[in-house]
Amino acid sequence: MKILVTGATGTVGREIVKQLAEGGHHVRALSRNPGRARFPEGVEAVAGDLAAPEAFAAAFEGVEALHLINFGGDDYAPLQTGEQIVALARQAGVRRITVLLGGSSTPLDAAVAAGGIGWTFLQPVEFMANHLEWAASIRDEGVVREPFCDRLSAVVHEADIAAVAVAALTQDGHAGKKYTLTGPEVLSVRQKIELLAAAAGREIQLVELTEQQARERWAAAGFSPEAIEFFVEIYGNTPKIGYTVVPTVAQVTGRPARTFAQWAREHAAAFAAQRAA
Ligand SMILES: NC(=O)c1ccc[n+]([C@@H]2O[C@H](COP(=O)([O-])OP(=O)(O)OC[C@H]3O[C@@H](n4cnc5c(N)ncnc54)[C@H](OP(=O)(O)O)[C@@H]3O)[C@@H](O)[C@H]2O)c1
């Protein structure tokens, strides 16, 4: 089965590519810079920008299933080319489409829903991979500086988001479903830090920032005012979906959702203390 994966170098996309390739599927992986991408052996890398889908129309040839992201560019702006992408998919005879959703709906989601091809929408809560943002300060100083430290999250492992995508791309029974995807437990920032400390075998100090300090740090890091408002809202006033465990990963994949402790063990080296030279 030939499957086209967009966002193939991303946190979720590269896991989808890996799992499909391991499952023996013929994967076409789209990137704006395929020369820079490192895909598993046997994966066919194709060049293309989702903002100009006609330019990579040939990549749709023979494709039966398609995984889509709904943003384009490094500012994560909503893609406006959903209708063209869906038209190319229809012409090629694509039978299944998965879409990785973000916080709000986009024109691409609407085009897919109206496009007459079996679709599955994937709505993950917070990715476990986001915690790699703490790696440098943990490695260098043994410290995490965060606001809203009591906030709760049902964090989901990116490999589980991918596993659900792979099921929906390769098996019947998932068309017309919107899957909320969570991990198996609800954790606070403090609990996540304890699990990271245990996995990395070191102490980690948590310094709680005020909202104002967090705003200043995000601004200094170059985030836009809109992005900062989004962070304050999502961290300070997390919607219930973000901290409510649902059984979808286990139901769809037949395996329990991966825990944050497992993710922390997989990434322990990124958080381990640096050895003195
Ligand atoms: N992080 C979270 O906690 C979280 C939670 C829920 C939902 N989400 C959603 O998940 C999505 C982020 O996914 P991710 O983390 O897997 O992405 P990511 O790691 O940031 O990767 C971005 C991907 O998009 C591709 N891309 C960007 N613009 C492109 C374009 N114009 N044409 C073709 N490819 C393009 C990049 O490919 P190249 O650079 O190789 O071209 C790359 O593979 C967002 O929609 C976000 O809202 C995130």
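Are Trp119 and Phe121 buried or exposed? Trp119 is buried, and Phe121 is too; buried stands for under 20% relative accessible area and exposed for over 50%, with partly exposed in between (1.4 Å probe, protein chains only). The model is predicted, so local features need pLDDT of at least 70 and side-chain atom pairs count only at pLDDT 80 or more, while totals for chains, interfaces and linings use all residues. Residues are numbered from 1 along each chain as its sequence is written, and side-chain values use heavy atoms, with hydrogens and water left out.

A pair of aromatic rings is described by the distance of the centres and the angle of the planes. Rings of Phe, Tyr and Trp (its six-membered ring) pair if their centres lie within 6.5 Å; planes under 30 degrees apart count as stacked, over 60 as edge-to-face and the rest as tilted. By this rule there are 10 aromatic pairs. Trp119 and Phe121 are stacked because their ring centres are 4.5 Å apart and their planes stand at 25 degrees. Another stacked pair is formed by Phe260 and Trp263, at 5.5 Å centre to centre and 20 degrees between the planes. Both of these residues lie in helix α10 (residues 260-266), 3 residues apart, about one turn of the helix. Helices (H or I, at least four residues) and strands (E, at least two) are DSSP runs, numbered from the N terminus. Phe260 and Trp263 are both buried. Elsewhere, ring pairs join Trp218, Phe223, Phe230, Phe231 and Tyr235 into a cluster.

The ligand comes next. The shell around the ligand consists of 11 nonpolar, 11 polar and 3 charged residues. Here Ala, Val, Leu, Ile, Met, Phe, Trp, Tyr, Cys and Pro count as nonpolar, Asp, Glu, Lys and Arg as charged, and the others, Gly among them, as polar. An oxygen atom of the ligand is 2.7 Å from an N or O atom in the side chain of Thr9. For the side chain of Ser31, an N or O atom is 2.6 Å from an oxygen atom of the ligand. At Leu50, a polar backbone atom is 2.8 Å from a nitrogen atom of the ligand. The ligand taken alone exposes 930 Å², and the protein buries 82% of that (Shrake-Rupley method, 1.4 Å probe).

Helix α1 (residues 13-22) has Gly13, Glu15, Ile16, Val17, Gln19 and Leu20 buried. Their cover includes β1 (2-5), β2 (26-31), β4 (65-69) and α5 (158-170). Just after α1, Gly24 has a positive phi of about 85 degrees.

Terms used:
A polar contact is a pair of N or O atoms within 3.5 Å; within protein, one must be able to donate a hydrogen and the other to accept it, and residues adjacent in sequence count only if both atoms are side-chain atoms. Contact means heavy atoms within 4.5 Å.
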